[in-house]
Amino acid sequence: ATGTLAYAVALFVRSIWAGLASAGLFAFSPHFWAYATRAEVFALHHLLLSILLLLLVRYDVTGRHPDQAFPGAFVIGLALCNQHTSIFFAVPWAFWVLWSGRHHGTLLPGSLFRLVAAGCLGLLPYFHLYLRGGSAAIWMCWGDTSCIGGFVTHILRR
């Protein structure tokens, strides 16, 4: 996550030193360090959000073409599968991409369809969970995901 953050900041401000400084401050902050040194979902959460930030910067730097937004939509889907708090980052970024790319065709029906499709592809781990759920998988999740009620319980983390 820190390497991706360093690259994103360096690309955005065009200074490798700023990228290294931001990554160092992030990597050695007490909150990040506490979750990076143990097996938790937060390490993957930080990685996915830093990748999303990098993709957002690349989208901005390369001219805001809709084709640059599709990987970000995919990563948003993956991030939402991993940690629901990703929505607080994903929704503003998605609105910014749609708004800033409106003159480049991002709001055209074909582009919107492909963005939604890319986001749904990122949500495929939930589909796998639904297919593989059942009584044998109850020990590793919040409920029986083989039925719709249990699947909704898992997604809503009740």
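Reader: In which helix is the place of H46?
Author: This is a predicted model, in which local features need pLDDT of at least 70 and side-chain atom pairs count only at pLDDT 80 or more, while totals for chains, interfaces and linings use all residues. Residues are numbered from 1 along each chain as its sequence is written, and side-chain values use heavy atoms, with hydrogens and water left out. Helices are DSSP runs of H or I with at least four residues, strands are runs of E with at least two, and both are numbered from the N terminus. On that numbering, the helix of residues 41-61 that holds H46 is α4.

Reader: Is H46 buried or exposed?
Author: Buried means under 20% relative accessible area, exposed means over 50%, and partly exposed is what lies in between, computed with a 1.4 Å probe on protein chains only. The relative accessibility of H46 is 16%, so this residue counts as buried.

Reader: Which residues does H46 touch, not counting residues up to four places away in sequence?
Author: A contact here means heavy atoms within 4.5 Å. With residues up to four places away in sequence set aside, H46 touches A1, F26 and F32.

Reader: How many helices does the protein chain have?
Author: Read from the N terminus on, the elements run α-α-α-α-α-α-α-α-α. The chain has 0 strands, and its count of helices is 9.

Reader: What percentage of the residues of the protein chain count as buried?
Author: Among the contacts in the chain with a separation of 6 or more, residues 24 or more positions apart account for 60%. As for burial, the chain has 158 residues, and the share that count as buried is 35%.

Reader: At roughly what angle do the axes of α5 and α7 cross?
Author: Two packed helices are described by the angle between their axes and the distance between the axes. The axes are lines fitted to C-alpha atoms, for helices over the stretch in contact, and the angles run from 0 to 180 degrees between N-to-C directions. Here α5 (residues 70-82) and α7 (residues 109-122) have axes that come within 6 Å and cross at roughly 35°.

Reader: Is the crossing of α5 and α7 left-handed or right-handed?
Author: A crossing is left-handed if the near helix is turned anticlockwise from the far one by less than a right angle, and right-handed if clockwise. The crossing of α5 and α7 is right-handed.

Reader: How many nonpolar residues are in the contact of α5 with α7?
Author: From α5 the contact takes F70, A73, F74, G77, L78 and C81, and from α7 it takes S111, R114, L115, A118, G119, L121 and G122. Ala, Val, Leu, Ile, Met, Phe, Trp, Tyr, Cys and Pro count as nonpolar, Asp, Glu, Lys and Arg as charged, and the others, Gly among them, as polar. By these classes the contact has 1 charged residue and 4 polar ones, and the number of nonpolar residues is 8.

Reader: Why does L80 count as partly exposed?
Author: L80 is found in helix α5, where it is in contact with S86, I87, L123 and Y126, its neighbours within four places in sequence left aside. L80 counts as partly exposed because its relative accessibility is 21%.

Reader: What is the relative accessibility of N82?
Author: N82 is also found in helix α5, and the C-alpha atoms of N82 and L123, 41 residues apart along the chain, are separated by 9.6 Å. N82 counts as buried, its relative accessibility being 14%.

Reader: Which residue has the backbone oxygen that the side chain of T106 reaches?
Author: T106 lies in the loop between α6 (87-100) and α7, and it is buried, with a relative accessible area of 0%. A polar contact is a pair of N or O atoms within 3.5 Å; within protein, one must be able to donate a hydrogen and the other to accept it, and residues adjacent in sequence count only if both atoms are side-chain atoms. At 3.0 Å, the side chain of T106 reaches the backbone oxygen of G101.

Reader: What separates the C-alpha atoms of G101 and R64?
Author: R64 lies in the loop between α4 and α5, whereas G101 is found in the loop between α6 and α7. The two C-alpha atoms belong to residues 37 apart along the chain, and their separation is 5.5 Å.
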